[in-house]
Amino acid sequence: MSAATLPSVISDWFAARGWRIRRHQAEMLQVAQGGHHALLAADTGAGKTLAGFLPTLADFASTEPPGEGLHTLYISPLKALAHDVQRNLLAPIAEMDLPIRVETRSGDTPSDRKARQRARPPHILLTTPESLSLLLSYPESATLFAGLQRVVVDEIHAFATGKRGDLLTLSLARLQALAPDLQRVGLSATLADPQAFREWLAPGGDAAQVVMVEGEEGADPDVSILLPDAGVVPWSGHAATWAIPQLYQAIREHRTTLVFCNTRFLAELIFQLLWDANEENLPIGVHHGSLSKEARRKVEGAMAEGRLRALVCTASLDLGVDWGDIDLVVQMGAPKGSSRLLQRIGRANHRLDCPSKALLVPGNRFEFLEATAAVEAVEEGRRDGEAFRPGALDVLAQHVMAVACAGPFGEQALLAEVQSAAAYGWVDDRAWARVLDFVATGGYALRAYEKFRRIIRSPDGTWRLAHPEHAARHRLNAGIIVDAEMLHVRFRNGRELGKVEESFGATLRPGDTFRFAGLDLEVESLRDLDLIVKAAKKAGQIPSYMGARMPISTHLADRVRAMMVDRAGWARFPDDVREWLEMQDWRSRLPGPGQLLVESFPNAGKHYSVFHTFEGWNANQALGMLVTRRMEDRGLMPLGYVASDYALGVWGLRAIRDPAPLLSPDILSHEFVEWVQDSFMLRRAFREAAVIGGLVERQHPGQRKSRRQVTFSTDLIYDVLRKHEPDHVLIEAAWADARTRMTDIGRLADLLDRAAEQLVHVELDRISPMAVPLMTMIGKESLPSGLADEELLVEAESLAAQAMRAD
């Protein structure tokens, strides 16, 4: 399609800017005009958002534009992304003089505006999965969405494979029932498995209904790995604090630099270190999800206006928000996945025809290999990402409640809707009956309690709310993200700086100092959920957060293993990394693809074994629990274990002579089940499932339960269900979480399969070079990354001296 076939007002707008319509933008318009669903995969800066909205703009630019009513829904994983899109969309709409009203809706939207949006909706509504689900819970939703023409799901890769994706796919099924001619559109820059995303996006999971649109290729990114000026990549540590002088120099040489960190703690640490090195007083900011909304918006505004030279941030900024004139992106520590890296690289320049410039800063030698693997994957255009899994039962229960709040529903009609969502195609009559029974009674063991009776069956067979007040309670408590209990950090005058986790705040006493939002703060008091502070005269510790660790992707792990045995390719590595691998090869073995290398050696009077798994922290942590249990059963007298993304180390008073029996696949049916049931893991997973499924409410009108109260409630219910109804829907949901999210059992099973086929055990007289990074972590894992780095470096040199000795 040429620009000439566009409505003239749109083609004139393109021409006035000297732009041409991109091939994929034109194709998206063609697909829409053909009445099909579409999935667009295009590089950052390719105009994906405009491509998603172009059919809507064309509808309103036609000779007979649509009338009043909601025409297009735009759904993003971030509230900030919706606000950013609104800002960028309003300009072309105004310049084209199109009769389109655009509004956003999120948890921050005032209640009076929310009510008005339901009564008189805008033409385009920008929202999040949770806000959409709440909209569908109102009785007027059938009228509100009856004329809906299009749903645009942006950054689809960021949440489709998780519980937020489960909620959205159920909402899409509901919307399709209310507006049968609705067109679905997905947008992403990083899709590892486009076919799976087409199935997720399509009604009924029929990928053939979704046209795949490939974006025009942009300029190749300029990605390099930063190495120490001294030429020595550290043995250990993840903070890469060695790079601060070089990083500061890079900031000086660029207009605006985004410095990505994998955790909130690391963002605060790197910001502080950069500020200490900031002799020229360059404007540098910090941004992460625990800072207050006001603090985030202030720094976002400064970034958009080009007033910052650098911004240290977390994943809160790695999606498609256009923050300004960024010409360098830095990734501190390991990238963990090629898709995540590509997404972050795309924040630089944000234009298709200009190469994005990025620096990777590895914290240690394994991270150097991981960074190299990620760079090569990006250069080859290879993507990775989370795999899809069956839809979660707790999310389904929440959706059933939302539908009931909107009005009575027929059991079979709603089941057909649910099954049309790809993630829930597995739900049969038995599973459906169990979910309905749970929403109606709380389940067999709880049905005697009135508070758990939320829906009832009418004489005509339809289901409806047991009492109207349940609707208000549902809307107050619905949602997918169950955060740790947070304390509000405030000055005495009420000004809020942000939040820290209760587990950290509970360790503080009046007079203690800590660093937050770039400030040194002294604790004055703790009142309810408020941590009252004042400016401190001395430096303090940085809060640690219990946020989920990002494991190295399977794709990058496979690449790292392949690099390690590609001896001819070592020439491209720094001398110290190459010597490290050469000494490992000479002293022990290198783990090739498909192999599991286990090394055993004595050290300081104990016997150590290191399992070089490359399966990510979650899987290795779970394996450590299971292996030490078996060691105990076999009289090996285990003393502890430590896990990293790359390996598991265990130690005890007796040596492991044959690791094979410790790794037999039946460990998943015996020790794994016992361990999960006996640990706090299942309780924690149940707590989340109980909140998402609506069994336990976080809030009542006018008050909010503390996490301690929620924990007490869920623990009581959990104990009752474990005893009287162990197959309860939420116990099943908790098990699913424990297996996938908390222990990564899929990768654990793959590891055990590999052990059964290609286990290589090497017994050594002392530590091997490859074991040094893991061994330095023993006793330091409870300390936040960065805090223990100096101590790690000292210990690493001592262990490395043993490992690298050639005798």
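Select Met 28, Val 31, Ala 32, His 36, Ala 38, Pro 55, Arg 150, Gln 183 and Val 185: they line the second largest cavity. Two elements each give two or more residues to this lining: α2 (23–33) and β6 (183–188). Helices (H or I, at least four residues) and strands (E, at least two) are DSSP runs, numbered from the N terminus. The top contributor is α2, with three residues.

This is a predicted model: local features need pLDDT of at least 70, side-chain atom pairs count only at pLDDT 80 or more, and totals for chains, interfaces and linings use all residues. Residues are numbered from 1 along each chain as its sequence is written, and side-chain values use heavy atoms, without hydrogens and water.

What is a cavity here? On a 1 Å grid over the protein atoms alone, it is a set of points where a 1.4 Å probe fits but cannot get out; lining residues have an atom within 4 Å of a point.

Next, select Ser 236, Gly 237, His 238, Asn 364, Phe 366, Ser 644, Tyr 646, Ala 647, Pro 773, Leu 774 and Met 777. They line the largest cavity.

Last stop: Asp 394, in helix α15 (residues 393–406). Is Asp 394 buried or exposed? Asp 394 is buried, at 0% relative accessible area; buried means under 20%, exposed over 50%, partly exposed in between (1.4 Å probe, protein chains only). Now show Lys 163. Its side chain makes a polar contact with the side chain of Asp 394 (2.6 Å). A polar contact is a pair of N or O atoms within 3.5 Å; within protein, one must be able to donate a hydrogen and the other to accept it, and residues adjacent in sequence count only if both atoms are side-chain atoms.

Technical notes: On a 1 Å grid over the protein atoms alone, a cavity is a set of points where a 1.4 Å probe fits but cannot get out, and a pocket is an open set with protein on both sides within 12 Å along at least five of seven lines; lining residues have an atom within 4 Å of a point.
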